[in-house]
Structures are given as structure tokens and as C-alpha cells.
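Please work through the domain interfaces and an aromatic pair in the model shown below.

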Amino acid sequence: MSARLTHDGFRRLLEQVREAGYALVGPTISDGAIVYGPIAGADDLPIGWTDEQAPGRYRLRERGDRAHFGYVLGPQGPRRQLTPPVETLVRIRLGPRREQGPRTPEGVEAADEDGEPLALIGLRACELAAMAVQDAVWTGGPFVDPRYARRRERALIIAVDCLEPGELCFCVSTNTGPGVEAGASFDLRLTELGEEFLVEVGSERGQALIDGLGELAEPSTAQLFAARTQGVLAAAMELHGRERQLDLDGLPELLFANLDHPRWDELAARCLSCGSCTLVCPTCFCHRVEERAPLDAPTSERVRHWDSCFTDEHSRIHGAQFRPQIRERYRQWMTHKLGAWVSQFGTSGCVGCGRCIAWCPVGIDITEEVAAIRAAPVAPDDAEPVALPPATTVPALAGDPMHPQLARVVSVREELREVVTLAVEPVGVFSHAPGQFNMLGLPDVGEVPISISGQAGGELLHTIRAVGAASRALVALEAGDRLTLRGPFGSAWPLAELRGHNVVVIAGGLGLAPLRGALREMVAHPERYPSVRLLYGARSPEELLFADEILSWDRSIRFAPTTAPAVLESGHVKVHVTVDGAAPGWTGHVGVVTKLMRRKPLSAHARYLVCGPEIMIRFVLRELETIGVAQDQVWLSMERNMKCAVGMCGRCQYGPHFICKDGPVFRWDAIAGLLGREGF
Amino acid sequence: MAARPRLGVFKLASCDGCQLTLLDLEDELLAIAAAVDIVHFPEASSDMDPHGRFDLTLVEGSVSTPAQLDELRAIRAQSRTLVAIGACATAGGVQALRNFADHREYVRAVYATPAYIETLAQVTPIAAHVRVDFELRGCPIDKGQLLELISATLVGRRPDIADESVCMACKRAGQVCVTVAHGQPCLGPVTHAGCGALCPRFSRGCFGCYGPRERANTEALADHMQAEGVSAASLVRRFRLFTGWSEAFRAESERHDD
Amino acid sequence: MTTEEERDHKQPPSAVELGADERVYKVEMLARVEGEGRFWLRLDAAGEVADAKLAIFEAPRFFEAFLRGRDLEEVPDIVARICGICPVAYQMGAVRALERILGVDPPSPGIRSLRRLLYCGEWIESHVLHVFMLHAPDFLGYESAIEMAADHRARVEQGLRLKKVGNAIIEVLGGRAIHPVSPKVGGFSRTPTVAELAALRPRLEAALEEAEAVVEWSAGLPMPALELDYVFVSLASEDYPIEFGDEVLVRGRGRDERVDVDEFLDHFVEDHVAHSNALQCRLRDGTPYLVGPMARLNLFADRLHPRAARALERSGLALPVRNPYQSIIVRAVEVVHAFATALDIVTNYTRRVEPAFVELPPAGARAGRASGGTEAPRGLCWHRYETDAEGLIVDARIVPPTSQNQARIERDLVGLAPQLLAMDHGAATRRCEQLIRAYDPCISCATHFLKLEIERG
Ligand SMILES: Cc1cc2nc3c(=O)[nH]c(=O)nc-3n(C[C@H](O)[C@H](O)[C@H](O)COP(=O)(O)OP(=O)(O)OC[C@H]3O[C@@H](n4cnc5c(N)ncnc54)[C@H](O)[C@@H]3O)c2cc1C
Ligand code: SF4
Ligand code: SF4
Ligand code: SF4
Ligand code: FES
């Protein structure tokens with residue numbers, strides 16, 4: 001249904017919306033810009049104002065009329081309202097302070113405060129499109145963020161057609177504007193025509209509001225024509241004629257084929273890596289999660305903050321920083337936004353709003369940068385092209401994936417110096433597949449991803465090395481302590497696919513832990529896995545993980561200093577161990593794992609599972625390549641910074657993949673083009 | 001209860017503002033005093049023990065006299081975790097501006113009888129002389145970050161203080177960019193966050209009091225400012241302020257100073 | 001014997017130098033003051049004062065020197081860094097002087113009242129810190145407020161609470177309590193919204209009432225007796241002097257003069273003395289004088305806010321105050337004045353004030369020379385700048401309160417000496433410290449570190 005609405009009618013409409021219990025959020029002038037903020041009613045709108053935009057420049061100007069929506073876009077879209085920049089996820093009740101180390105959790109409470117539902121007023125077509133993109137991120141599965149979902153579902157949306165697109169808009173390129181299409185998600189759509197509005201109803205909620213206004217005039221055909229055909233179409237035509245376009249055609253492939261384009265270096269000389277573009281972009285979603293437990297506060301809060309791929313911490317893990325250079329950070333932003341997004345969420349991450357151009361303090365123009373690469377693509381180098389994967393299929397978790405349970409430490413087994421295995425008893429039934437991981441945490445220090453290194457009855461095993469704050473605190477836990485646990489997450493070793501094949505497992509250091517569950521399965525089932533070989537390398541004999549258990553799998557090996565009882569002797573398992581260096585008395589191999597690989601005849605037809613430090617993985621793969629092992633016979637487990645484990649914080653991205661939900665276990669061919677490439 | 005960790009607060013050349021921040025934690029001060037044993041904090045207590053061992057030592061100020069250098073070395077030797085607090089301790093502070101000039105001339109400018117003054121040739125941050133376990137930035141430091149530092153130290157973790165641009169905080173705060181919307185020069189893009197984008201929130205450009213962030217692309221920012229009409233002399237002054245002796249800002253100011 | 005050249009003048013005399021019957025009271029490192037200093041008071045065998053020194057060994061920081069060549073618009077930010085306790089005082093002094101150079105003085109009434117409000121915040125924060133955290137422990141026999149909290153928790157919490165309200169004023173106006181960012185030549189970079197100031201109102205009302213009770217409490221503290229004769233010096237204006245005034249009033253010991261701020265240096269002289277890294281300021285004839293709360297109250301009690309005047313009356317404090325220990329009561333009265341003034345300003349703030357009250361003359365027309373004074377919590381703070389046409393600083397002079405009080409503190413120690421002979425050494429030394437603390441010396445302001453030693457012969 002459509003109707004005509006005078007300025008006064010519009011004022012009454014907003015009053016009604018307010019009376020219906022919504023908090024009004026609309027455009028309003030603040031600090032020299034039109035921003036979305038709380039408004040009391042129509043008077044707070046920027047009536048008679050417009051904005052002028054250019055790269056790195058935004059100014060307000062008076063229009064000389066009474067247009068209510070006569071401007072284009074402010075610095076931030078409704079993303080701010082739907083995923084607040086700082087948001088508490090859960091509150092954790094804390095136990096007493098202990099002599100050393102952090103306090104342990106005693107209870108977890110959801111932090112969502114259900115305030116008034118929001119009425120989002122004045123959203124443009126591109127902003128609706130951006131919301132659709134964010135819907136895919138936060139609710140598209142396999143996980144759903146209940147906070148976003150709830151706000152989004154309750155929000156009333158009053159959208160507005162763009163008849164006067166701004167200087168930086170390129171929504172026709174991205175097919176996201178300038179008109180709000182009939183099928184878009186709005187309750188009411190306004191088209192501003194001189195001194196009145198045409199209003200189109202898009203939902204029952206919208207209809208009820210219009211009904212509440214009493215008798216409204218119906219638009220004439222001429223008016224409808226003026227709005228939709230002349231207005232929107234003319235705006236679209238004008239946009240088509242502009243120079244600033246973003247050609248989306250084959251863009252993901254183009255970008256991933258040009259990862260070494262000289263333009264990235266040239267960009268790095270101009271880009272400040274300030275992150276502004278990512279925080280004004282209406283589709284960006286990266287965030288960090290922080291633990292807040294000041295002094296003797298009785299509860300700790302797990303808080304998420306907007307983050308950006310332009311920050312240092314985003315791509316840092318213990319001992320490595322994957323994107324130290326600005327060129328790599330900018331490339332991450334662009335290849336994600338315009339490339340990887342398509343395979344991750346089925347849509348480009350760009351909706352053509354031009355915000356990142358306007359609000360870049362040095363005026364870098366993403367469309368110009370794309371055009372430059374498109375104009376002179378470099379021939380893809382000899383590295384393998386990056387494959388763009390299909391969307392992930394890991395199993396979903398019911399409920400809030402950020403809400404941890406409280407698990408209890410049943411026992412602590414010291415494995416090596418600074419390495420322990422925590423046997424943890426989760427609440428309720430817990431099933432996982434070997435290769436998956438949990439997020440383990442303590443309220444004072446935060447959460448970290450830890451692989452499940454085995455399951456014994458109702459107990460989950462986690463083998464942890466103390467490297468930084470969180471891992472150190474976990475390692476220091478004692479039987480009976482509690483910790484927070486979320487999971488299981490991620491992909492698993494392809495045990496079903498391995499059936500009937502000869503399997504070679506290659507592990508380095510603590511990399512054996514994520515493989516142990518799979519090994520135990522294969523050891524226990526000779527009928528399914530006729531031949532299993534483990535090639536395991538450690539720094540020194542003292543650093544051999546699970547030494548007793550390894551010896552029990554293959555009684556033929558002997559190495560000092562351990563003497564182990566042989567429990568299992570099926571004969572289908574063969575173990576080879578090497579150490580980087582050893583004191584006299586060591587009777588086993590010395591040298592890196594690849595050296596061991598060269599000593600042992602390895603089959604080109606076997607299936608391979610690899611886990612260890614990334615550098616080791618790369619050398620192993622090179623070795624396998626020389627043997628002639630095909631990429632689809634090899635699986636490996638990867639590591640990147642993680643905060644959410646459910647594909648929402650954006651930090652674990654590895655090219656087009658989320659390590660947390662597409663991985664951590666990948667088949668080699670999925671990531672072959674990325675391995676060893678700087679900046680990913 | 002186990003012995004509380006021992007806290008010491010020391011001062012070198014400074015304005016006292018950073019240590020005052022500890023007293024400005026009005027809601028938490030008594031809880032802090034319960035959680036740690038404040039064994040040396042002359043600004044607040046005449047019960048002083050500068051010679052004991054400290055689990056956490058906060059050092060404010062930069063090194064500008066020979067005596068301070070000796071004192072700093074002694075403090076380091078007594079401290080388990082030594083944290084430099086504030087722009088003076090982490091970047092030299094305002095007094096390091098004298099490093100850019102002939103400092104003997106400075107002595108004459110302020111004091112009538114130069115012979116009485118004993119100073120080092122250069123004012124330097126603490127890390128120029130001793131190992132520093134953590135640097136808390138800002139002129140002055142932020143009290144929330146100070147509380148985080150103390151809380152984190154109590155449980156043995158690193159403070160959760162992100163090395164990112166002021167722009168990040170500015171955008172989170174929903175502040176309208178003063179550069180883009182008002183044409184004001186702002187050092188936010190190259191400055192370490194922590195203040196919550198205070199200056200933009202107060203309608204002015206950042207002047208860099210938290211010092212350079214990692215990967216500070218000062219050159220790109222300065223070039224852009226220059227293209228927008230900021231003179232070379234003004235660029236020198238902008239980069240040469242409370243954290244002007246930090247490596248990144250110093251290099252940038254020198255690039256425009258001829 | 002150490003020769004005069006070898007002697008470190010910032011150190012008290014060593015044992016070798018002392019005569020057999022001489023006594024020295026000293027404190028090597030003065031606590032609960034801002035900055036680093038020591039004192040010594042040396043009495044000869046006859047009990048006569050041989051030497052009374054407040055030695056400031058805080059490292060020099062050379063502000064006036066590096067102000068040269070800076071743009072005048074940068075000055076408020078730079079001078080704030082002279083002192084973390086009273087940055088607003090420096091900012092306000094600088095904008096006064098610089099606006100006078102630019103010919104844009106006085107500021108609009110709206111800006112004036114916001115500046116006063118900001119300054120009230122600083123008075124509160126600084127005075128409350130001093131009364132509760134730095135000075136009260138002397139009266140009650142504790143080493144620190146934290147120690148005092150064990151027996152007087154509610155009192156210490158009250159201090160923290162009141163201080164927080166002072167800080168909140170500064171935070172609302174300037175973003176942070178220490179080195180606020182909004183004050184600038186020509187106004188503020190941003191002024192608060194009506195709602196932001198209104199939110200302070202209930203807190204100010206509650207704090208004002210508490211502050212009135214604090215006056216009575218302070219008047220009831222065990223008060224050492226001492227009566228000294230002073231020359232009082234304070235800025236003068238139509239109101240109780242805070243952020244505004246173009247004359248300096250000098251009164252006491254037979255003097256009664258008004259000095260134009262631009263002629264300050266014709267009447268006051270700064271000297272460098274060997275035992276201090278701060279310049280000492282005296283009247284031209286060498287007479288030490290007193291600035292700060294006591295001077296202000298003695299000279300302008302009639303201009304106090306009525307609520308402060310009533311609090312003063314209730315306290316029973318007789319004017320003029322000549323016992324420096326009673327300055328704790330005077331500060332408490334000034335806290336009431338500051339809260340009451342702040343509350344009035346906040347209550348009358350019904351329209352947001354334009355942040356810039358005037359357009360500054362362009363570069364090319366910014367040459368000049370002018371002075372500006374304000375009343376920092378610790379007393380008169382005087383600035384003088386000279387600029388070139390581009391608005392770059394050519395010359396800067398700043399005389400902070402503590403360098404003016406330095407000589408007076410030493411004179412007070414001399415005045416205290418007769419009483420000390422009857423006390424045991426420890427108590428006498430503490431009494432000296434308490435006296436020095438009564439000045440709330442801000443050694444960072446004085447640009448150096450101070451160490452007090454009393455020598456008793
Ligand atoms: C899928 C996966 C499985 C893992 N399994 C194990 C395991 O079984 N045993 C084990 O000891 N370690 C494992 N790790 C590594 C472990 O997560 C890190 O050692 C741990 O996060 C370090 O955190 P920290 O606070 O101790 O160190 P800090 O250096 O203080 O780390 C600070 C923060 O950076 C992030 N971070 C740092 N390193 C890593 C990392 N390697 N991976 C992801 N985020 C990181 C975390 O958010 C952490 O809180 C695994 C990592 C991943 C990604
Ligand atoms: S492109 Fe612009 S906005 Fe984005 S990080 Fe670089 S400089 Fe900042
Ligand atoms: S105002 Fe400054 S800090 Fe904020 S976004 Fe703009 S450039 Fe960055
Ligand atoms: S914005 Fe910049 S100058 Fe202002 S307080 Fe923050 S870091 Fe300091
Ligand atoms: S997206 Fe958050 S860890 Fe993967």
C-alpha cells in the first residue's frame with residue numbers, strides 16, 4: 001500500500017512510533033556531520049541540510065529548502081546500533097583472589113539487556129543492503145549471535161529512497177541502490193517529493209503505523225511516476241554515467257591473482273593503517289574480545305570491541321605477526337571486502353556507500369585502487385592461485401556461541417616442562433571429532449583456542465603449553481578448579497575418508513596433541529586403518545610428548561630415556577621419532593622431521609595428516625610434493641589469532657578461510673595458494 | 001593471606017601528573033592499597049622505603065640529571081616489574097624538547113645563575129637506560145589503563161592495552177573525524193590509542209600525547225597535511241611536542257626541519 | 001672542611017661542618033608534596049637560627065626556554081605540563097596573557113564563567129587532595145591518608161568523594177582531570193552541552209553540603225600555635241580572585257599597594273639561590289611574602305560566596321589568619337567557595353556557550369607583549385609573553401606560586417624555631433614538615449625538587 005504523507009503527517013508518524021515503544025534513532029546534526037543518533041522527533045532531523053563529500057572530505061551545507069532527508073550518508077551506518085562498538089557478552093562471577101594467578105569462575109550470566117526496540121529512521125538502500133550482509137555474518141549460520149539477531153528482529157525500519165545520490169556513491173555498481181527495492185527489508189519506505197512524502201508499506205508493523213495516522217491521501221499515478229521512475233531511475237542513470245564505478249565482475253579472482261601487484265606497495269606509502277575505513281564501513285565486523293576484571297570486582301566481563309584488520313593485534317599470535325606491513329593490511333582489507341567476502345557470505349562486502357573514501361583521513365579511494373589493478377593486472381606469479389572455497393559446513397552450536405559453560409578440571413597431568421594435559425569435565429553431553437578445538441578461558445585473563453587432545457569417558461583432554469598469559473594460567477590450574485569452556489569448534493581430521501587407506505601422520509612438537517585423538521582412533525581400529533605410520537619430531541628427547549603412549553603403539557621402537565610398557569600391539573602402527581638434538585644415550589634419530597621423511601620410504605598413495613609449527617608444515621609439504629603426493633591426499637591443521645571461534649571476529653582469516661570454522665583442519669589444496677605467502 | 005605485592009612509585013623529571021593519576025582513582029584507591037602494599041610513594045605518604053624490593057614499580061619522568069640516572073639504575077635493580085608511566089618516562093616528555101636545541105642556552109634562559117644547574121646533555125626516556133617491562137603511554141596516563149595495569153600485574157598477565165591508532169577509539173566513540181569534517185590537522189592516525197580520542201571528542205586534532213603507535217606512517221600523514229596547506233614549520237612543531245623525542249616523531253619533525 | 005665551591009648547596013650541612021652544640025632538623029625527602037625537595041633548619045648553640053633552607057632539587061625543566069618559537073596557540077597545552085596538580089592554573093594564566101596580547105580581552109561572560117567553573121574544579125581537586133590526603137595526616141598523626149583510613153575510613157572516603165567531584169568538573173569541561181584539552185586562546189575548543197553541566201548539579205549540591213561540614217571538622221583539628229606577620233599578596237578583582245584580575249594587591253607589614261599585572265616585575269624580583277633549583281621571588285626590597293589561600297582570604301573575605309562566608313563564620317576562624325597551620329581551615333573554606341560558585345554557574349547555564357568567543361587576529365598581526373595573572377590553588381601565578389607578528393613566542397616568563405612562597409617558608413621556619421627547642425627532635429622535625437606542608441608547596445611548579453632540613457644547633 002502506498003500513501004501520501006505531509007510534513008505534519010510525518011511528524012505524527014514518528015510520534016506514533018515512539019508511542020509504540022520504540023527508541024527513535026535517526027539522522028541528526030552533531031559535531032558538523034549528520035549522524036545516526038537518538039532523536040526525540042522530526043525536529044531533530046537535519047531539515048534543510050545536505051552534505052558534500054569528496055575523498056577525505058565531508059562538509060555540511062544548507063540547502064535552502066525544507067528537505068528532511070536531503071543529505072546522503074553520515075559517517076557511520078546502523079551497524080553502530082546493531083552491533084555496538086563496545087558490548088558486554090557475558091558476566092562471569094569470580095571466585096576469591098588466589099595467592100597466584102587469576103581467579104576462577106563460579107558462574108556465567110548472559111549480559112543482554114533488552115532495552116527498547118529501535119526504530120531506525122532514514123536508512124538508505126545501501127544501508128539495507130549492508131544490513132543484509134551483516135545478517136549473513138551474524139545470523140547466517142552455522143552460528144547465530146543472539147544479540148544481533150534480537151536487535152535486528154525487533155528494529156523497525158523506515159527507509160528512504162535516494163533521489164540525489166552523493167558525490168562518492170557508487171551503489172549502482174554494487175547493485176544496492178539508489179532506490180529501496182520493494183523486496184528489501186523495511187517496514188516503511190519514504191520517497192521525499194518536495195514538501196511531502198510518498199510512503200510505501202513493507203510489513204504489518206508498518207501498516208499498523210500507517211493505519212494509526214487515520215485517513216491518508218493516495219498518491220496519484222503522476223506522483224508515483226515522479227517518485228519511482230523519474231526520481232529513482234534518474235538517480236540511477238546519473239550514477240551510471242559517473243566515472244567512479246566498482247566493477248565487481250570477476251573481482252575476487254582478479255584480486256587473488258594479483259596479490260603481488262605493485263599497487264599494494266604504492267598504497268602502503270599513502271595508507272596510514274589507521275583503520276578508519278573499516279570502522280565506517282557498514283559491513284565490517286571484526287572485533288576483539290577483552291576480559292575486564294578490575295582488582296577485586298566480584299564479576300568479570302567479557303567485552304567485545306570493534307577491531308580492524310589494520311591493527312597489529314589482529315594478526316598476531318604468540319611468537320608471530322602475520323601482517324606486519326601496511327601493504328599486507330590494506331591488501332587484507334580489500335581482498336576480504338571485495339574478494340573473500342563473496343565465498344564467505346555469498347555477497348560482496350561492498351555496498352557502494354563511499355564512506356571509506358570520504359572518511360579516510362588521506363582520501364584513499366577504494367574504487368580507484370581497484371581500477372588501477374584492473375587496468376594493469378600482473379600475470380599471476382608461479383605461486384598457485386588461491387582457491388575460493390564454498391561456504392563452511394561445520395556443525396552449529398545451539399544457543400549463544402559466546403556463552404561459555406563452566407567446566408571442572410578433573411586432573412592435571414604434567415607432560416613436559418610447561419606442558420600439561422588438563423582433563424576437563426564439561427557440563428552435559430559433549431561430543432566432538434578429533435581435530436576440533438575448544439575455547440578455554442579464565443575470567444581474569446581471557447580465552448584461547450586449545451585442541452581436544454583426546455576424550456576419556458566424560459573427560460576431555462587438552463594439552464597446553466604455557467606461552468603467554470592465558471595459557472600460563474590454564475597450565476597452572478589444579479584439579480577441582482573451574483574454567484570457562486566453549487566448543488567444540490572447527491573441522492576435524494577426515495577419519496571417515498581415511499578408512500581403508502594407508503595413513504601417515506607427521507607431527508612436530510606440540511602438534512601431536514591435536515592429532516592424538518585421531519591416532520587413538522586409528523590405533524584402536526586396525527580393520528579400518530590397515531597401516532598407520534607416525535613420524536614425530538621434537539626438539540629434544542625431553543620434549544617428546546606422550547612418549548609412553550607412543551611407545552605403546554609400536555613396541556618395535558625403543559629410545560632412551562623412556563622405558564615403556566607395551567600395551568597395544570596390533571602391528572599396524574609404526575612409529576618413527578626424531579629429535580633436533582640429543583645428549584649421548586639417545587638411540588633414536590637426530591634431525592628434523594623432513595630428514596626423517598627422506599629416510600623412510602613414503603608412499604605417493606597414502607593419506608597424510610600434518611600438524612606442527614607452520615614452518616615445519618611447509619617443509620613437510622615440499623617434501624611430499626617431491627614424492628608425488630597429490631594435494632587432495634593431505635590434511636593439515638592451521639593456527640591464527642582467534643577470539644570468537646565462530647566466524648564473527650574476523651581475526652582468524654586466512655585468505656578466504658576462517659580457520660575457526662573452515663579449519664583448523666584443511667585439505668592441502670584448499671590453502672595451497674596461501675601457504676608461505678607473506679601477509680596471510 | 002600471602003604477602004601483598006610491593007608497589008613503589010618513583011619520580012624523575014616530570015610534572016607529577018602521572019603519579020597523581022593513582023590518587024585520582026578515587027573509587028579504587030583504597031582497594032588498591034588493600035591489594036598491594038604501597039611501600040614507597042612520597043607524593044602520598046611519608047612512610048618511605050626506597051631501598052626495599054618492589055614487585056611493581058611505577059616510574060614517572062624522564063632522565064635529565066646525572067643523579068636521576070643513578071637513581072633509575074638503582075630502582076631497576078630493586079624491581080621485578082618496572083613500568084614507565086607517561087610521556088616523560090616513555091618518550092622524554094615536554095622537557096626533551098630541549099634536546100632539539102643547545103641546552104646550555106636553555107639553562108641561561110630560565111635561571112639567572114647557570115652555574116648552579118647540573119643537567120645531562122639530553123633528556124631521555126627510561127628505556128634508553130634500563131630494561132622496561134611495560135610502557136604506559138600518555139601525557140598524562142589514563143586512569144583506566146593504570147587500573148588495568150595494576151589489575152593485570154596482580155594476576156601476572158600483560159595489561160590489555162592495544163597498540164592501535166587514536167582513530168580506532170575515535171570511531172568507536174562515534175566521534176566525527178575533525179580532519180575530514182572540519183579540515184583540522186590531527187595526529188590521531190599515527191598516535192597510540194588510550195585516551196579514548198579525547199581531543200577529537202573536544203573538537204580538536206590530536207597532538208600526539210600518547211606518542212607513536214606501531215607502524216606509524218608519519219610520512220604519509222605529514223605529506224597529506226602539507227598538501228592541505230600545513231607549513232613545514234608547523235609540521236615540525238606538531239611532531240615535536242610531548243612525545244617529540246620518540247623515534248618516529250623525531251624522525252618526522254627532522255624531515256621538515258631545515 | 002669543604003670549600004664553598006665544593007659544597008653541594010642543595011644538601012644540608014654534613015656532620016663535620018656542624019659545631020658541637022648545633023642542632024639540625026632536616027628531612028631529606030619531603031613527602032606529601034608535589035615534587036622533590038628537602039629542608040634543613042640549623043640552630044646554633046644559643047638556639048639562634050643559623051640557617052633555614054627549603055632546598056629544591058627537582059630537576060629543572062626549562063619551560064620558558066622551549067616556549068620560545070612555539071605558536072601562541074600551543075602555549076596552553078605546553079604550560080599545563082608544568083604541573084599535573086594545577087594544569088588549569090597555567091592554562092588560564094596563559095590564555096589571559098595571550099588574549100591580552102591579541103587584544104581580545106576580556107572574554108565573553110559565558111566563556112568567563114566556564115573558565116571559572118573549570119578553575120573551581122581545580123581548586124576543589126587540589127585543595128581537597130591537600131586537606132585530606134596530604135595535610136590531615138600531620139594533624140592526626142599518620143604517615144599517609146591510606147594509613148589514616150584504617151582509623152578514619154569515612155573521612156578519607158569523604159575526601160576522595162569530594163575530590164572526585166572536582167575532577168568531574170574538569171572532565172566535563174576539558175576531557176580529563178589532568179591536562180584538560182579544551183582550554184584555548186579565544187575560548188574553548190568545545191563547550192559543554194546544557195545537559196552535560198546539568199548532570200553535575202546534584203553532585204555539586206551534595207558535595208557543597210559535605211564541604212561545609214568539612215570546614216567545621218578542619219577547625220576542630222588539633223592546631224599548633226604560631227603567630228607570624230606576613231605581607232599578603234593576591235590578585236585583585238571585583239570577585240573573590242580566581243581566574244581573573246588585572247591587579248595584584250600587596251598588603252601587610254605596613255604595605256598596601258596595588259600593582260598592575262603588566263608591572264609585576266617592577267615590584268617583585270626573582271633570584272636564583274644556590275640551594276634551590278627554583279627561582280625565589282621576593283618583593284624588590286628583599287622582603288618575603290605570602291601567596292595562596294591565606295593571602296586571598298585575609299584580603300578578600302568580604303567577597304566570598306555567602307555559603308562560604310557562613311561556613312567561615314561557623315568555623316570561628318578569626319581574620320586575619322596569621323597561623324600558617326590554620327591554612328587547612330582556609331582551604332576548606334575555599335573549597336566551599338569553589339563548590340558554591342560552581343553550583344551557581346552550572347545552575348545558570350541554560351544555553352550552550354559558543355566555544356570561540358572571538359575570532360583571533362590572523363598570523364601577521366599577532367605581535368605584542370602582555371602579562372596575565374590568576375590565582376592558582378597555591379596562589380598567584382603570573383605569566384608574561386612576548387610574541388612576534390606570526391604569533392610565535394619570543395619571550396616567556398612564568399612566576400609560579402611556590403617560588404614566591406619559598407622565601408616565606410624559610411622565614412616561617414625561623415619563626416617556628418623558638419618553639420622547637422622544647423620538643424624532642426622527632427616531634428620538632430615533624431612540626432617543621434607540617435609547617436612546610438601548610439603551604440602545599442608544589443615543587444614541580446617551582447620547577448624543581450625540594451628537600452627540607454631543619455638544623456638545630
Ligand atoms: C585451532 C587452534 C588449536 C590450538 N591448540 C592448542 C593446543 O592444543 N595446545 C596449546 O598449547 N596451544 C594450542 N593452540 C595455541 C594457543 O591457542 C596459544 O598458545 C594461545 O592462544 C596463547 O595465548 P596466551 O594468552 O597464552 O599468549 P599471548 O601471547 O599472551 O596471546 C595473547 C592473545 O593472542 C591470541 N593468540 C596468541 N597465540 C595464538 C595462537 N597460537 N592461536 C590463536 N590465538 C592466539 C589469543 O587471543 C591470546 O589471548 C591452538 C591454537 C589454535 C588456533
Ligand atoms: S585506507 Fe585510509 S582509512 Fe583505511 S586504514 Fe588506510 S589511511 Fe586509514
Ligand atoms: S579525528 Fe583524528 S583520530 Fe578521529 S578519525 Fe579523524 S583522523 Fe582519526
Ligand atoms: S587525542 Fe591525542 S593529544 Fe589528545 S589526549 Fe588523545 S593522544 Fe593525547
Ligand atoms: S572469526 Fe573469530 S576466531 Fe575465527
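**Domain contacts and a ring pair**

Q: How far apart are the centres of domain 1 of chain B and domain 2 of chain B, taken over C-alpha atoms?
A: This is a predicted model. Chain B is divided into domain 1 (6-155) and domain 2 (166-256). Taken over C-alpha atoms, the centres of these two domains of chain B are separated by 25 Å.

Q: Which three residues supply 44% of the area that domain 1 of chain B buries against domain 2 of chain B?
A: The contact involves 19 residues from domain 1 of chain B and 17 residues from domain 2 of chain B. Together the two domains bury about 1300 Å², with 64% of it on carbon and sulfur atoms. On the side of domain 1 of chain B, more of the buried area comes from one trio than from any other three residues: Ala91(B), Phe100(B) and Arg137(B).

Q: How many salt bridges does the rule find across the interface of domain 1 of chain B and domain 2 of chain B?
A: The side of domain 1 of chain B that touches domain 2 of chain B has 11 nonpolar, six polar and two charged residues. Four residue pairs are in polar contact across this interface. For salt bridges the count is zero.

Q: What area do domain 1 of chain C and domain 2 of chain C bury between them?
A: Chain C is divided into domain 1 (3-59 + 416-446) and domain 2 (63-230 + 236-405), and the C-alpha centres of the two lie 28 Å apart. In the contact, 26 residues of domain 1 of chain C meet 36 residues of domain 2 of chain C. Of the area buried between them, 55% is on carbon and sulfur atoms, and the total is about 2600 Å².

Q: Which residue forms a salt bridge with Asp440(C)?
A: Between domain 1 of chain C and domain 2 of chain C the count is two salt bridges. A salt bridge needs a side-chain nitrogen of Lys or Arg within 4 Å of a carboxyl oxygen of Asp or Glu. With the closest N and O atoms 3.2 Å apart, the partner of Asp440(C) is Arg378(C).

Q: Are the rings of Trp264(A) and Tyr330(A) stacked, edge-to-face or tilted?
A: The whole structure has 26 aromatic pairs over all chains. Planes under 30 degrees apart count as stacked and those over 60 as edge-to-face. The rings of Trp264(A) and Tyr330(A) have centres 6.4 Å apart and planes at 45 degrees, so the pair is tilted.

Terms used:
Residues are numbered from 1 along each chain as its sequence is written. Chains are lettered from A and ligands numbered from 1 in the order in which they are written. This is a predicted model: local features need pLDDT of at least 70, side-chain atom pairs count only at pLDDT 80 or more; totals for chains, interfaces and linings use all residues. Side-chain values use heavy atoms; hydrogens and water are left out. Domain bounds come from an automatic or database domain assignment. Contact means heavy atoms within 4.5 Å. Buried area is the accessible area (1.4 Å probe) that two parts lose on being put together, summed over both. Rings of Phe, Tyr and Trp (its six-membered ring) pair if their centres lie within 6.5 Å; planes under 30 degrees apart count as stacked, over 60 as edge-to-face and the rest as tilted. A polar contact is a pair of N or O atoms within 3.5 Å; within protein, one must be able to donate a hydrogen and the other to accept it, and residues adjacent in sequence count only if both atoms are side-chain atoms. Ala, Val, Leu, Ile, Met, Phe, Trp, Tyr, Cys and Pro count as nonpolar, Asp, Glu, Lys and Arg as charged, and the others, Gly among them, as polar.
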